[in-house]
Amino acid sequence: MPDLSLTAIAAQLFTGLVLGGILVLLAIGLSLIFGLMGVVNFAHGSLYMLGAYFGFFLWGFTRSYWAALLLAPLIVGVIGVLVERSMIRRLYGRGPDDPLLLTFGLSLALVEAAKLVWGKIGLTLDPPAQLAGAVDLGFMKFPAFRLFVIAVTTLVLVGLWLFLEKTNVGLIVRAGTRDPLMVRALGINLDRVWLLVFGVGTAMAGLAGILAGPLRGVYAEMGVEIIIECFVVVVVGGMGSLPGAVVAGLLIGEVVSLTSYFAPKLAEIIVFVVMALVLLLRPSGLLGEPGLAE
Amino acid sequence: MRAAYRWIAEHPAVSIVVFFAILPFIVPYKALATQVLVYGLFALGFNLLYGYTGLLSFGHAAYFGLGAYGAGITLAKLGWHSVWMALLIGVAAAGLGGLLVGFFSLRRRGIYFAMLTLAFAQLFYFIAFHMADLTGGDDGLRGIPQLSLGLFGWQLPLGNPLNFHYFALFWVGLAVAALRRILDSPFGTVIAAVRENSDRAQACGYDVVRIKLVAFVFSALLTGLAGALDALRITVVPVEALYWSTSGQAVIMTLLGGAGTFFGPFVGAGTYLVLQDRLGLVMESWPLVIGVLFMAFVLFLPKGIWGTLLARLGPRRAGAPVA
Amino acid sequence: MASITRRKFLAATGATAGAIAAQGLFPAVLRAQGSKPLKIGFPLPLTGPFAAIAADQKRGAELAVDELNARGGVMGRKVEVLFRDDELKPATGAQRTKELIEGQGVEFIVGGLAAHVQMAINEQTKKAGKLFISISQSDEISAKPDTSPITFHEALNPTITGRVVGGWAMKNLGRKYWIVYADYAWGKQNNAVFSDVITKGGGTVLGSTPYPLGKPEFSAHLPKIQAAKPEVLVGAVPGADGVAFLKQVASFGMKKEMKLVMPLHFLFLTKEGGADVFSDVYAGTSFYWELAGTNANAKKFVDASMKKFGVPPDGYAGYGYSGILEVARGVELAKSTNSEAVAKALRANPTYDHYKGKQFWRGCDNKSFQDMWILKGRAPAQVKGDWGYFDIVTKVAADERNERTCAEKGHV
């Protein structure tokens, strides 16, 4: 039985926040895109991966992690918008499975493309020197970069909340998630909003990628592994529900971390057990709206 | 052209048997034809649930894997060196799995249903991974002997690629004929009704959940047969047979060929597997080609290869058999 | 004058003319016997997370082919190696092996990187009666029930690596240990072997920490490990997880407090992770290119690789190289391409030395015994050129005591 001391558990809870933060960034993007457009974006994981790769590339180019942190998500967001414009747009009205399948094919292609461009060997993305060490929190030492990830995630979430709650565009997004037909009937052009949402959602995936890079390394398959966890988070939170994505992301992050510590064998399966339990007890996820995903 | 198509549509089992009887001599090596045959059956099972009943399952690898492990464990661990027993136990295990998973998953719909099926499949994977004494764990189940088929006192060695191919073809032919019967029966009409508008079928008095469950079990049985045959084919059961990537293969193959069509799964399986086999010889980045091809299909040929062909050549009258 | 009748003369001329004509019309047929290429199948994970190591295997195999064909091939036949992508998946590996055997008519198989894939390959080769030289790490492949008279294992395995590296560490680094390991077959085997070596040697295992493969988060464990004050921390943490592990250990300042040991070093992984991650980390290896300085065969091997690829060979290239050369040697000894005959010939003439020193096949389980080296990661300032990441600390000669006995592996 591993150490039950407060220090160890606190450390693992903090680690859970880091993982949870990454999942939240990914899940919000996915949930937004689904909630507003009905598109299940399977390529989300690959965009996360591209965020990490572009981060590496920009860091090499500018020698500044901060510049990379700012620019990589932007680039990924632009790619997301281009994908939406050129491909997914054509599939509206066809049924829910087609965008899922298209993005699935896209994710396969992107993994190979990344390897062609950057080679088969994984890459190292180091955190900036200011964040390289460990911070003494008094009762434990915790790597500085991980605290940074938690901080960035919080900032982004606050920013997103402000955007959704306090701006007109945010209002449209929220309304469009609930009832796109009505919003259209009110004469609002949803197309531009969808574009924005897709861009923001994919940019967040890219941000998650460049944040995860120093933690896990940068390699082409990194998106494939996290996309399933991401789907679980979105489903547990409730498809289309942003608060749900946040709650579920943190919950899953903590559950995985604690399980990894106390019962490593169960770490891979625990997310599915949690998901199955949640779904069987609350049909549309924790905070989801019934009827949204059928 | 249309007359030929109509004949094929009305005699699917015979058509498939004839086609696959010839296939080993067309493809570069015989084992490829058998791989297409077995995975085509896998996709066929998946398609019963997805294309015909309208239920997208993300965890169909569960029944493929249960079929494979059922057959494999019978031969390798229980020591019953009988091909018939192996197939029987494999199919039965898959059917039971389908009953269990369906019972719980069908309480939900849409993406939630899909994710529940995935969760169960991952649970089976986890169990197989950790019960290493029974399943071989992450090294896979080995020790499956290459058997001979005992037929009326006459021994047919299944190690020979062609022998195994025709042996598998026998079973696939039976499965296709069975599926045809199901689809032609009143039950077939009901599942079509459920696919088109589940609420309306419910309103008409059908016990929709029970119907979906029956379709689920049938689907699991067919998929399980494919798994059991594959265990006999490669004489090993990798634990990845239960993993979500295997489920994904069934989805890709079905959609490539054309969901909701009879031959679509086989066409899709053939396209995917032959491409994987041959492209890999020419380029190391072949998954890029598959990904791009897949995207092109979704964009421009959404009905899949066979589905699109069908739409061009198909019958124009209502009630005609759809292949 | 002897009487050559006209009939006989015409007959003779006709026959000669016919023979000459036949030569001209069907030269391939007449020369066919003995010039059909000797095909060897080589499944390996060209795509997937270990593609870089597979590329290493491939380079080694290609060097072997070049060498064999430069000296006229094997029994006059040109050697051809057919590489196939097994995608690191057993089902794909099995299918590729079927394609190689049935479709391409290969007579031998060398290859495999992942343990579970090579098992699937082995099931195909056993049933088809083709000799298989596995170059993947696994304890089971050379033990009953998986092994067979035509299954050979060229690479190291967790038992050997654990005993060699663990044994050396006990003598040179310390007696109090902590082991962190990935919770799957390879990790568990390493944990078991290291623990065994340590306790049998009179040392102590202060603790053993499993973690789920693919989830390298150690922050919660590290404080406890630090508090226990082991002299040596063993990390049976593979691939990219290993890089994450070492980074986290360093960020907690543990590198200054204890010695770090891993079962094996891989040149390409170290290049990926960087010298500062791997500096001062001890591990074993089956081959390192700087051996060229002390071993003539190694120099030849390394030079050939640098010349053809611009990249030095590492352990897996060595396995690929040696595996192909052993097939060739077996064929030449047996004067046949029959797998059983070749297997018998190799067992009858078990010693060989292709690129690093003497190796030999053990008769009961077709296991290759070979020299290993202990390496230590150099600090970034000490790295020599593009590839000089390690100091060679010592050599550990091949020794049967480093492996389970024949009886333990199920061989009578």
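1. Read from the N terminus, the elements of chain A follow the order α-α-α-α-β-β-α-α-α-α-α-α-α, and they amount to 11 helices and 2 strands; helices (H or I, at least four residues) and strands (E, at least two) are DSSP runs, numbered from the N terminus. The model is predicted, so local features need pLDDT of at least 70 and side-chain atom pairs count only at pLDDT 80 or more, while totals for chains, interfaces and linings use all residues. Residues are numbered from 1 along each chain as its sequence is written, and chains are lettered from A and ligands numbered from 1 in the order in which they are written.

2. Chain A has a radius of gyration of 19 Å, close to the 19 Å that the globule rule gives for 294 residues, so chain A is as compact as a globular protein of that length; the radius is taken over C-alpha atoms, and the rule is 2.2 Å times the number of residues to the power 0.38. Along the principal axes, the C-alpha atoms of chain A fill a box of roughly 60 × 50 × 35 Å.

3. Between chains B and A, the contact takes 28 residues from chain B and 29 residues from chain A, where two residues are in contact if their C-beta atoms, placed from the backbone, lie within 7 Å. On the side of chain B, the elements that give two or more residues are helix 6 (110–130), helix 12 (244–257) and helix 14 (286–300), and helix 6 of chain B supplies the largest share, 10 residues. By class, this side of chain B has 20 nonpolar, 5 polar and 3 charged residues; Ala, Val, Leu, Ile, Met, Phe, Trp, Tyr, Cys and Pro count as nonpolar, Asp, Glu, Lys and Arg as charged, and the others, Gly among them, as polar.

4. Chain A also touches chain C, with 28 residues of chain A in contact with 24 residues of chain C. On the side of chain A, two or more residues come from each of helix 1 (6–37), strand 2 (141–143), helix 10 (242–262) and helix 11 (267–281), and the largest share, 5 residues, comes from helix 1 of chain A. The residues on this side of chain A divide into 11 nonpolar, 9 polar and 8 charged.

5. Within chain B, the axes of helix 2 (residues 12–22) and helix 8 (residues 161–184) come within 8 Å and cross at roughly 155°, which makes helix 2 of chain B roughly antiparallel to helix 8 of chain B. Axes are lines fitted to C-alpha atoms, for helices over the stretch in contact, and angles run from 0 to 180 degrees between N-to-C directions; those under 35 degrees count as roughly parallel, over 145 as roughly antiparallel, 65 to 115 as roughly perpendicular and the rest as oblique. Among the residues that meet are Ile16(B) and Phe20(B) in helix 2 of chain B and Leu169(B) and Val176(B) in helix 8 of chain B, and the residues of this contact divide into 9 nonpolar, 1 polar and 1 charged.

6. Also in chain B, the axes of helix 4 (residues 61–76) and helix 11 (residues 208–234) come within 6 Å and cross at roughly 45°, which makes helix 4 of chain B oblique to helix 11 of chain B. The residues making this contact include Gly65(B) and Gly67(B) of helix 4 of chain B and Gly224(B) and Gly227(B) of helix 11 of chain B; by class, the contact has 11 nonpolar, 7 polar and 1 charged residues.
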